[in-house]
Amino acid sequence: MHSITREIIKSKFSINEEIISLAESVTQEVSEVFEKVNDIVECNQLKVTAAMVENSLSDFHLNDSTGYGYNDVGLETIEAVFSHVFGAEDALVRPQIVSGTHAITLCLFGVLRPGDELLSVTGDPYDTLKDVILGENTGSLKDYNINYSQVELKNGKPDFEKIREKITAKTKMVLIQRSKGYSLRPTLDIDSIKELIEYIKAINENIVCLVDNCYGEFTETKEPTEVGADLCAGSLIKNPGGGIAPTGGYVVGKRELVERCAYRLYAPGLGKNCGPSLNFNRLALQGLFYSPMVVGEALKGSIFISRFFERAGFKVHPSYNEKRSDIVTAIEMGDKESLIAFCRGLQKAGPVDAHITPEPWGMPGYAHQVIMAGGSFIQGASIELSADAPIREPYVVYIQGGINFFHIKLGAMSALQNMIDEGVYKVKTF
Ligand SMILES: *Cc1c(COP(=O)(O)O)cnc(C)c1O
């Protein structure tokens, strides 16, 4: 580390020598693992570039439509490029899809009909989907008489036998969540997703396999739609927007199913033909182009964070040298005060709103209070360095994103320093 760097960390961010030395030692320790990340970045960068070349992406595609949004050749090209990258028949990539929850909701309501059954084969779905599936008098799946059941993971892996038992003639769709969400279970990698889909299709090939791909994009060299998923959805303010897309979500998969999602997003009969791109097209395309590199930085940051906090005495998931299939790192904080101090420390290193003190709040869609830290340029963007946690036992903080490895490293140091400053971190020898 350059002496000027050290000086900035100490004087501008008030981080002590011991923590800086720990960070330096950890950086050396993890550098070997970075080689593997570089190979993944290269592969995905070329995949994205090839898709743009093959679809003759041109300057005029970067312009936007207004009003109804008819004949938006920019959006058509974005969707062709996404289809290509994800190895899917079709894609719906829109600024009108506001989040990952919204994208997955389109898949659920687009495909399922009254009397059908949805089966989650990876245990609890992500927190915000619980209202979508089981809410009372909210227009949830339940309100439409669409049944739901789930099979818990067994030792962190799909429980194949139980899945076979739970599948009935009414099972129309299976939900597979790749990333861990707010839980400590391992992330499902692409090979496991492939095995799971093959197993389900062998029972009944007509079951629609939907993958919640949030935080998983470009962390491996294949995407779920390349290994058999019928539908796959995610958010553009996570991985595939590269920190550039200002909003948006995507759905990729079988043409007929994607069309149904578009009918749900706009109106039956209208579908993909409408929807103005407003200021979306250039930023979505540029974001997709940056995404493999940015996800690589986030992965390197995650690897660093795992080792850094492991060395500081915490339990982390996954460990720095385990295979990753998402950009999320979970750290067991043990109590509420430590969790809050961690988030506040991370916030202090954000490029935006570093002077703001995060507080737990009742975020829409979440059953528990949630604390979120992240001085992001795009509101709530978690491809930018961010940490969040439901205020509930076992007080685990989930850290994700980071546009740049060196900034993530600073964030980690700042989080630990703040825990020391607030008197909640006792261990002193690393
Ligand atoms: C973030 C996330 C979602 C929801 O995405 P939002 O954009 O926050 O609505 C769904 N599933 C998983 C696994 C996630 O990590």
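**The largest pocket**

Tutor: The largest pocket holds about 1,100 Å³ of space. A pocket here is an open set of points on a 1 Å grid over the protein atoms alone, where a 1.4 Å probe fits, with protein on both sides within 12 Å along at least five of seven lines; lining residues have an atom within 4 Å of a point. Volume is the space filled by probe spheres set on the points, with grid points joined across faces, edges and corners.

Before going on: this is a predicted model, where local features need pLDDT of at least 70, side-chain atom pairs count only at pLDDT 80 or more, and totals for chains, interfaces and linings use all residues. Numbering runs from 1 along each chain as its sequence is written, and side-chain values use heavy atoms, leaving out hydrogens and water.

Now the lining: 44 residues, with Met 363, Tyr 366, Met 372, Gly 380 and Ala 381 nearest the centre. Elements giving two or more residues are H4, helix H5 (127-134) and strands S10 (370-373), S11 (386-390) and S12 (396-400); helices (H or I, at least four residues) and strands (E, at least two) are DSSP runs, numbered from the N terminus. H4 gives the largest share, three residues.

By class, you get 19 nonpolar, 18 polar and seven charged residues, counting Ala, Val, Leu, Ile, Met, Phe, Trp, Tyr, Cys and Pro as nonpolar, Asp, Glu, Lys and Arg as charged, and the others, Gly among them, as polar. Domain 1 (3-43 + 292-421) and domain 2 (64-279) each supply at least three lining residues, with bounds from an automatic or database domain assignment.
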